[in-house]
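Student: I'm new to this one. Could you walk me through a strand and a pocket?

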Amino acid sequence: MADTPRTGIPEQLARRMTMPEQHEYLRTKLSRRRVIASSAATVGGAALLGGASLAYAGLPTLLPSSVTARVDGSLVAPFGRHLAFGADPKTQMRISWQVPFAVKGPYVRVGPKPWELSRKIEAEVRALHTPSLSRKLPAVDQFYLHVGLDGLKPGTTYYYGVGHDGFDPADASRLSTIGSFRTAPERPETFVFTAFGDQGVSYDALANDQLILGQNPSFHLHAGDICYADSSGQGKESDTYDARVWDQFLAQTESVASRVPWMVTTGNHDMEAWYSPNGYGGQSARWSLPENGPDAKNAPGIYSFTYGNVGVVALDANDVSYEIPANKGYTDGAQSAWLDKRLGELRRQAGIDFVVVFFHHCVYSTSTHASDGGVRDAWLALFTKHQVDLVINGHNHVYERTDAIKGGEVGKPVPVGASTDPTRDGIVYVTAGGAGKDLYGFGPGVKDSYEGHVHDHDHIVSFHWTKLRLPDPDTVEWSRVRYTGFSFLAVEAEAGKSPSLKVSALAESGERVDYFEIRRGR
């Protein structure tokens with residue numbers, strides 16, 4: 001019985017094991033001597049990291065700011081700045097960034113003006129070691145820095161700079177590195193947010209980012225498959241992986257994410273099996289997200305926040321997926337129980353008109369991966385129970401939008417430009433997976449159908465994944481809009497006497513390819 005590459009797990013056994021089971025098997029198999037011998041990484045003569053072996057890496061090691069630097073701090077420029085809300089976007093913001101080498105005394109300066117950055121806050125260092133996983137890839141040490149800002153004033157613009165000993169963003173020569181952000185308003189007002197999934201690193205990804213920036217969004221939702229450092233996406237120790245792709249991604253995204261909170265959740269390509277039993281140690285090192293989900297330490301992609309009159313819920317569909325089951329059941333039902341409770345809270349919360357849920361795997365799609373029956377079985381009843389207004393997915397690298405779906409059937413056709421009411425018609429599901437990774441397509445004979453190029457089909461033959469990880473054929477009538485091209489969502493949320501969500505899909509060219517409105521019954 002042959003072992004799987006690099007893991008040392010018998011191949012037939014590995015196929016039946018979940019990611020946590022593989023991780024525990026390896027931890028048990030490896031001797032303490034081998035772990036210690038292969039895990040220490042030394043920078044500038046100082047041993048920085050522990051718990052990482054050739055087969056797996058432990059949780060990110062938190063290091064004090066006094067870690068010995070490899071080079072003069074004045075020669076090291078921070079990069080990859082990215083913002084994220086805390087649990088309360090009116091008063092909390094998280095600032096994260098990266099440095100290519102260990103530095104001394106990392107910090108954030110923040111203030112009301114670019115030239116008034118008097119407040120100085122020490123940063124938390126999360127160092128991540130990735131072992132050499134093949135002869136072609138070297139071991140990689142990455143240093144991620146984080147500062148949490150609390151007690152901010154609602155509806156206020158703040159300026160910030162990131163630095164360390166030898167690199168002060170307040171110096172006149174560094175003012176070009178200053179960023180800014182605005183907290184959520186005290187009372188609901190009209191705003192825009194954007195969304196997509198499956199971005200990666202490419203020219204088209206960069207082009208999408210610049211179009212997003214032009215929308216002046218209050219925040220951005222990234223529905224999983226963030227950078228594709230793990231190009232295999234099966235959640236296995238044998239997946240092809242290059243940690244350096246994260247450096248490229250964060251540099252690519254910085255022009256937007258340094259001023260627009262970039263709210264991510266986990267896709268199948270984000271299960272990086274070398275970091276922690278469920279593969280999310282890397283995500284925990286790189287991102288600071290709201291910690292109000294069922295288990296922020298082990299499930300960082302599950303959380304919620306409210307902005308204006310919209311409640312947003314991020315879910316991890318790896319937990320329920322039938323198609324790619326490496327992490328299936330890892331929350332032991334806690335995520336679904338939390339979802340039920342949280343959706344109920346949002347529906348009862350004064351001032352919340354709309355609830356938007358985003359996650360990776362598709363509830364309803366007819367492209368390559370089709371629909372995931374695990375997501376349907378776990379969450380469809382909860383979405384219906386709490387009358388969710390909009391569900392955003394990625395996974396399929398296309399744009400596809402359903403009619404309003406109620407009870408698994410078309411509750412109301414929603415052609416381009418139409419309006420729908422979730423309290424009466426059902427829920428619209430959007431696959432927005434055209435963020436920048438190589439595009440998919442639709443089945444034989446199925447034409448794209450979008451604004452100005454409508455080609456309706458009475459039905460489309462597709463499938464959904466079952467518990468046995470088999471495709472079960474479907475003949476569907478709900479596939480209303482289809483676009484094979486790079487694109488993203490832009491959603492305008494209007495508050496007031498007649499609240500609405502005006503949902504647009506924009507192509508990489510800037511052309512609008514879809515538009516519809518959501519208005520709840522009054």
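Predicted model: local features only at pLDDT ≥ 70, side-chain atom pairs only at ≥ 80, totals over all residues.

Student: Is strand β6 enclosed or open, and why?

Tutor: Strands are DSSP runs of E, at least two residues, numbered from the N terminus. Buried means under 20% relative accessible area (1.4 Å probe, protein chains only). Tyr107, Arg109 and Gly111 on one side are buried, and so are Val108 and Val110 on the other. Five of the five residues of β6 (107-111) are buried, so the strand is largely enclosed.

Student: Which strand is joined to β6 by five bridges?

Tutor: Two strands pair if DSSP finds at least two bridges between them. β7 (residues 119-122) runs antiparallel to β6 with four bridges, and Tyr107 has Glu122 there as its bridge partner. Gly111 is partnered with Tyr159 in β10. The antiparallel strand with five bridges to β6 is β10 (residues 157-163).

Student: Which strand gives the most to the lining of the second largest pocket?

Tutor: A pocket is an open set of points on a 1 Å grid where a 1.4 Å probe fits, with protein on both sides within 12 Å along at least five of seven lines; lining residues have an atom within 4 Å of a point. This pocket has 18 lining residues, with Arg182 and Arg259 among those nearest its centre. Both β11 (179-182) and β12 (191-196) supply at least two residues. The top contributor, with three residues, is β11.

Key: Residues numbered from 1 in each chain as written. Heavy atoms only, no water. Buried < 20%, exposed > 50% of the residue type's maximum accessible area, 1.4 Å probe, protein only.
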